[in-house]
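Colleague: Hey, I'm new to this one. Can you walk me through it?

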Amino acid sequence: MERKRIAVLTSGGDCSGMNATVRAVVRAGLAAGVEVVGIQKGYHGLIDRHYEILGTRSVSNILQRGGTFLQSARCRQMMDEAGQHLAAENLKGLGVDGLVVIGGDGSLRGGLALQRHGIRVIGVPASIDNDIPFSDMSLGVDTALNNIIYAVDCLKDTASSHDRTFVVETMGRNCGYLAVMASIASGAEYALIPEVPYDIDDICKNLRRRFEEGRSNSIIMVAEGAGKAQEIADRIKDNIGFETRVMILGHYQRGGSPSAFDRTLAARFGVAAVEALLTGESGKMVGLSYSSIKLTDLEQVIHVGRRPIDAVILKLAATLGI
């Protein structure tokens, strides 16, 4: 099917690698003789008709930048039939019938809704929680992990200097991927995650035993959905008297220059999304599967829901005593 224009938007929570993906979409589109429209502020831009035509100059010098120059926002109107219809009609009015949606679960749901309104849609998984199914890695995960590890490495220096326990809170309301992977990579003593029950009294006993063995500092990683870092720190201090500090990493994890892995993953995702649209695919999500890029129906992605942490990772953490 002949296609003069495709569009691209970034939606939901930002992450490093979004700019690199938009760049890949634009370059792949232009290489195929297709005009690329950048939708500003996510689905709000579709509703309010805020967009710009993107050329090579538009995406120059953005590869190394975190966040998204198109900006992002959450859009309640896309949850309603009327808003979805308006967004689809606005795209059709622009001569656009192919859209690349870069974002997480909610963003992909919006893309599926537009698919049902006659818009060709390809989704790109972008979520630092790495909780989107049918992709081994989502965009931004690797950079977020590197950000966490850098912060924890710095904390370990001061923890060892002052005999302190640090409780470090990572993002992850429903998924503890970042906390457990960062614990493995940084040598933390514990990873408290929503998926695995824990007993704070047992943790305190083990911390006291470590202290008696001469190990007087420790790092405890906690996903935000597994408990409040300050409450956990207070209980540790009350139970065993350790000087305990809290670091809540928050949105620091989302930003920063994307890692080499995220830059190349973004390039692969962006090019694959454009190629999928140009070959007539629609209602699919690109994903990384055993080093290959594969397409999965958005219906299936949404139906399956949150991607669980691989049991191999949990076993590795347990074996390492985390």
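This is a predicted model: local features need pLDDT of at least 70, side-chain atom pairs count only at pLDDT 80 or more; totals for chains, interfaces and linings use all residues.

Colleague: OK, and how many residues does the largest nonpolar core have?

Modeller: The largest nonpolar core has 59 residues. Met221 is among those with the most contacts inside it, together with Val8, Ile102 and Leu139.

Colleague: Which element gives the largest share of this core?

Modeller: That's H9, with 8 residues.

Colleague: What other core lies apart from it?

Modeller: There's another one, of 26 residues, and its members include Leu9, Leu91, Leu99 and Leu112. As background, nonpolar side chains tend to be buried together in soluble globular proteins.

Colleague: Let me jump to Val180. Where does Val180 lie?

Modeller: Val180 is in helix H6, which covers residues 177–186.

Colleague: Does Val180 count as buried or exposed?

Modeller: Buried, because its relative accessibility is 2% and the cut-off for buried is under 20%.

Colleague: And what does Val180 touch?

Modeller: Not counting residues up to four places away in sequence, Val180 touches Ala191, Ile193, Ile309, Ile313 and Ala317.

Colleague: How far apart are Val180 and Ser292?

Modeller: In space they're 25 Å apart, C-alpha to C-alpha, and in sequence they're 112 residues apart.

Colleague: Switching to helix packing. You brought up H9, so at what angle do H1 and H9 pack?

Modeller: About 40°, and their axes are 7 Å apart. H1 runs over residues 18–31 and H9 over residues 260–278. H1 and H9 are therefore oblique to each other.

Colleague: Is the crossing of H1 and H9 left-handed or right-handed?

Modeller: The crossing of H1 and H9 is right-handed. On the H1 side, the contact is made by Ala20, Thr21, Ala24, Val25, Ala28 and Gly29. H9 brings Ala266, Ala267, Gly270, Val271 and Val274.

Colleague: How does that contact of H1 with H9 look by class?

Modeller: It has 8 nonpolar and 3 polar residues, with no charged ones.

Colleague: What about H7 and H8, at what angle do they pack?

Modeller: Helix H7 (residues 200–212) and helix H8 (residues 229–240) pack at about 55°, with their axes 10 Å apart. That angle makes H7 oblique to H8. Their crossing is right-handed.

Colleague: Which residues make the contact there?

Modeller: From H7 you have Ile200, Asp201, Cys204, Leu207 and Arg208. By class, the contact of H7 with H8 has 6 nonpolar, 1 polar and 3 charged residues.

Colleague: Last topic, backbone angles. What is phi of Asn61 near?

Modeller: Phi of Asn61 is near 65°, which is a positive value in a residue other than glycine. Asn61 sits in the loop between strand S3 (51–54) and helix H3 (81–93). With a relative accessible area of 55%, Asn61 is exposed.

Colleague: And what is phi of Tyr290 near?

Modeller: Tyr290 has phi near 50°, again a positive value in a residue other than glycine. Tyr290 is in the loop between strand S10 (284–289) and strand S11 (292–297).

Colleague: Is Tyr290 buried or exposed?

Modeller: Exposed, since Tyr290 has a relative accessible area of 72% and the cut-off for exposed is over 50%.

Technical notes. Residues are numbered from 1 along each chain as its sequence is written. Side-chain values use heavy atoms; hydrogens and water are left out. Axes are lines fitted to C-alpha atoms, for helices over the stretch in contact, and angles run from 0 to 180 degrees between N-to-C directions. Helices (H or I, at least four residues) and strands (E, at least two) are DSSP runs, numbered from the N terminus. Angles under 35 degrees count as roughly parallel, over 145 as roughly antiparallel, 65 to 115 as roughly perpendicular and the rest as oblique. A crossing is left-handed if the near helix is turned anticlockwise from the far one by less than a right angle, and right-handed if clockwise. Contact means heavy atoms within 4.5 Å. Ala, Val, Leu, Ile, Met, Phe, Trp, Tyr, Cys and Pro count as nonpolar, Asp, Glu, Lys and Arg as charged, and the others, Gly among them, as polar. A nonpolar core is a set of buried Ala, Val, Leu, Ile, Met, Phe, Trp, Tyr and Cys residues joined through side-chain atoms within 4.5 Å. Buried means under 20% relative accessible area, exposed over 50%, partly exposed in between (1.4 Å probe, protein chains only).
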